[in-house]
Amino acid sequence: MTTLRNFALLAAAVLARVEALEAADWAAAEASAKTALAKMSQQDKISIVTGIGWDKGPCVGNTAAINSINYPQLCLQDGPLGIRFGTGSTAFTPGVQAASTWDTELMRQRGEYLGAEAKGCGIHVLLGPVAGALGKIPHGGRNWEGFGTDPYLAGIAMAETIEGLQSAGVQACAKHYIVNEQELNRETISSDVDDRTMHELYLWPFADAVHANVASVMCSYNKINGSWGCENDHAQNGLLKKELGFKGYVVSDWNAQHTTDGAANNGMDMTMPGSDYNGNNVLWGPQLSNAVNSNRVSRDRLDDMAKRILTSWYLLGQNSGYPNININANVQGNHKENVRAVARDGIVLLKNDEGVLPLKKPGKVALVGSAASVNSAGPNACVDKGCNTGALGMGWGSGSVNYPYFVAPYDALKTRAQADGTTLSLHNSDSTNGVSGVVSGADVAIVVITADSGEGYITVEGHAGDRNHLDPWHDGNALVKAVAAANKNTIVVVHSTGPIILETILATEGVKAVVWAGLPSQENGNALVDVLYGLTSPSGKLVYSIAKRPEDYGTAPSKGSNDKFTEGLFVDYRHFDNAKIEPRYEFGFGLSYTEFTYADLSVTSTVTAGPASGETIPGGAADLWETVATVTASITNSGEVEGAEVAQLYITLPSAAPSTPPKQLRGFAKLKLEPGASGVATFNLRRRDLSYWDAGRGQWVVPAGEFTVSVGASSRDVRLTGSLTA
C-alpha cells in the first residue's frame with residue numbers, strides 16, 4: 001500500500017505540473033489577447049466575431065483582417081479528415097476507421113498529419129474532430145465522421161486527435177456540440193435529453209476535448225431541450241464554459257444562428273459564415289453593433305467574444321510566421337503511410353471459417369461487385385462524395401474531401417495477383433447476371449458490398465443523409481447469395497459507414513469469411529490486400545454493435561419535432577446488455593490470425609467514495625482527471641503469427657449508482673506481440689471513470705461499494721474479472 005500511495009502521489013504531482021503548464025499557456029495567451037483587445041475599436045471587435053459572408057473568401061469560413069493588431073483574415077476550413085476542396089492534400093481515413101484501430105499512436109499521428117497539412121495550406125482553424133453524432137442511431141448519416149458509439153473511446157480519440165493537430169499550430173474545432181444525432185430535420189428538431197444522460201454520454205467526449213485544450217467548439221443546428229444549440233445558455237455557458245472550464249470560443253455551424261441578441265447573450269462567440277447561403281440574413285456585423293449600442297448586448301460580452309477568439313489565436317502561436325492561405329498547396333508528404341496503416345488496422349475480421357484467410361498464392365481469384373473498382377467517372381466525380389458509385393472510402397457531405405488518388409480493391413489485387421502468378425477475374429457489377437461464370441472454378445471468390453450515408457443536404461439513391469435501412473446497398477444480399485451458390489469459398493468484404501444486418505449473408509452456405517473493411521479512404525485496396533494476404537494480422541475491433549435485427553438497437557431517426565432520447569444511457573452495447581439482447585457481433589469484437597491468452601489480473605486503488613472537488617480546469621473539476629486506480633493484465637500471443645490484441649477494460653458500478661448500464665468501457669490497450677511473446681496491458685482509471693453524474697446534486701460522484709473490473713477481448717468476451725472498493 002505504501003508503494004501504491006507513493007505512486008498515486010507521484011502521479012498526482014506530475015498531473016499538477018502538466019495542468020500548471022497548460023494553465024500558464026492559457027493565461028499567457030489570454031494576457032496577450034487582453035493587450036490586443038485594448039487596441040481594437042468596437043468595429044474591430046465586431047469584425048473579428050463576424051464571418052464576411054458565404055463564398056466571399058478563400059475558405060469555407062473567413063473573418064476580416066484586423067490591421068490595428070496585425071490580425072490576419074482568419075481561415076476556417078472543413079474538415080475532420082482533410083482539406084475540403086484541396087487538390088494537393090491527403091484524404092485521411094474517417095474518424096470511425098481511426099477509432100476501429102483502437103491505436104492511440106495512429107490516432108495521434110493522424111492528428112499531427114492533419115495539422116501539418118492544414119498549416120501548410122495556411123488554414124487557421126480545421127473544422128474537426130467530431131464527437132457528435134455519437135451514433136446512438138445506427139442509421140445516422142454522419143456517424144462515420146466521429147469515433148463510434150462509446151463516449152470513453154470517442155473521448156480518447158478526440159484528445160489524441162486534438163493534441164496531435166494543435167501540435168502543428170492549427171486550431172482544432174470540436175463539433176457538433178451537442179446531441180446532433182440525426183440528419184432528418186436536423187435544423188428544426190429538438191434533442192430532449194436528461195441531465196445524467198447528457199453528462200455520461202454526450203458531454204463526455206467534449207470534456208476530453210476541452211481537457212486537451214481544444215481551441216474552438218462548433219455549436220450544432222438542432223435544438224437542445226427546446227432551445228437552439230447556438231443560443232442555448234445552459235449548453236454553452238453553463239456546461240461548456242463554466243462546468244468544463246472551456247477557455248476558447250464557440251463558433252456557429254454554418255447558418256445555424258437564429259437571432260442577434262440570443263446568440264450573443266447565450267454563449268456563441270463567432271458566427272459563420274456570416275450570412276445565409278444566398279448572402280442574406282446577416283445577424284451580426286451591423287446588427288450586433290446596433291445591439292451593443294442599444295445595450296441589448298453588453299460591451300463586456302462583446303469583449304469576451306473577441307478575447308476568446310484572440311486567446312486561441314495566441315495559444316497556437318498563430319501571431320507569428322504563419323503561412324499564407326493556399327488551399328491547393330501540395331502538403332501530402334508521406335502522410336499516405338498513416339492512411340494505409342489506419343485503413344489496414346481498422347479492418348475487423350468478423351468470420352473466418354476453415355482458415356480460408358489469409359490467402360496463400362491462390363491459383364485463381366474472382367472479384368465481384370461494383371465497389372471492387374473505382375468510379376468509372378473518376379474518384380472525385382461526385383461533389384462532396386454524393387454518390388455510391390464504385391469503391392467506397394468515405395461517406396458524403398461537408399466532412400468529405402477529394403482523393404489525390406484512389407487504390408480500389410481491384411487495383412491492389414491485380415498487382416498482388418501478377419506478383420503471385422494468380423489469375424484474377426472481375427465481375428465489375430452488382431448484377432447477378434453472369435456472376436456464376438466468373439466465380440466458378442476460382443479458389444476463392446471475393447465479393448465487395450457497401451452501405452453509405454452522409455450529410456442531409458445531399459440525397460443519394462433515396463437516402464437523405466441518414467440511411468433508410470440497415471441492409472447492404474445495391475441488393476448486396478442477393479449478390480452474395482449468387483456468388484456463394486457458385487463458389488463455396490466466398491469472402492465477403494464490407495465497406496460501410498455503419499452497421500448493417502448480416503443475417504442473410506451469414507446464413508448463406510459457402511460464405512466462409514466476412515471482412516469488415518469499414519471506410520479506408522484512398523488506400524482502400526492496399527489495406528484490404530494487407531489483411532487478405534496476411535501481410536498483417538487483422539487487429540481492428542468494432543466500435544459499434546452489429547445486431548441481428550434493426551429493431552434490436554432500440555433507436556431510429558425521429559420523424560417528429562422532438563427526439564426525446566428515452567433510451568437514456570442505454571445506447572448500443574449498454575442497451576444490448578441491459579435488455580439481454582444477443583447481438584450478432586458485439587461492440588469491441590474482432591478476430592485475428594493468431595490467438596491471445598489473458599492472465600494475471602492486478603487491481604490497485606486509492607479511490608474514495610464521494611463527489612468530485614477541486615478547482616475547475618479545462619475539462620471540469622481537477623480531481624476528475626487524477627488517476628485513482630490501476631489495472632494490469634498479462635496478454636500472451638499464444639498463436640503462430642505476429643499480431644496485435646486490443647485488451648479492453650469494462651467497469652460495473654456498485655448498486656449505489658442507480659439505473660446504470662451493466663458494464664461500461666473505461667480502458668483499452670493495444671499490444672503488438674510476436675508468437676509466444678507476452679506484454680502487460682495497463683489501464684489507468686481516472687476518478688471520472690469510476691463516477692456517475694448525480695443529477696440531484698449536480699456533481700460527479702464515486703458511489704460507495706464494490707466495482708466489478710472486467711478485462712477481455714470484447715464487451716462480451718470477458719477473460720478476467722476482479723474488483724475494487726470505494
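Start with the largest nonpolar core, which has 166 residues. By nonpolar core I mean a set of buried Ala, Val, Leu, Ile, Met, Phe, Trp, Tyr and Cys residues joined through side-chain atoms within 4.5 Å. Buried is under 20% relative accessible area, exposed is over 50%, and partly exposed is in between, with a 1.4 Å probe and protein chains only. Tyr202, Leu310, Leu350 and Trp516 touch the most other members. Helix H5 gives the most to this core, with nine residues.

Apart from that core lies another, of 29 residues, among them Ile635, Leu649, Leu653 and Phe683.

A word on the basis. This is a predicted model: local features need pLDDT of at least 70, side-chain atom pairs count only at pLDDT 80 or more, and totals for chains, interfaces and linings use all residues. Residues are numbered from 1 along each chain as its sequence is written, and side-chain values use heavy atoms, with hydrogens and water left out.

Back to Leu310. Its contacts, meaning heavy atoms within 4.5 Å, include Ala33, Leu37, Met40 and Tyr71, with residues up to four places away in sequence not counted.

Now H5, residues 151-166. Helices (H or I, at least four residues) and strands (E, at least two) are DSSP runs, numbered from the N terminus. In H5, 15 of its 16 residues are buried.

At the start of H5, a side-chain oxygen of Asp150 comes within 2.9 Å of the backbone nitrogen of Tyr152. Gln166 is buried, at 11% relative accessible area. Its side chain reaches the backbone oxygen of Asn213 at 2.9 Å.

Next, the strands. Strand E4, residues 171-177, has seven of its seven residues buried. Strand E3, residues 125-127, pairs with E4 in the parallel sense over two bridges. Pairing takes at least two DSSP bridges between the strands. Val125 has Gln171 as its bridge partner in E4. The chain crosses from E3 through H5 to E4, and this β-α-β crossover is right-handed. That is, with the strands pointing away from the viewer, the path from the first strand over the helix to the second runs clockwise.

E4 also pairs with strand E6, residues 216-219, parallel over three bridges. There, Tyr177 stands opposite Cys219 in E6.

Terms used: Polar contact = N/O pair within 3.5 Å; in protein donor to acceptor, adjacent residues only side chain to side chain.
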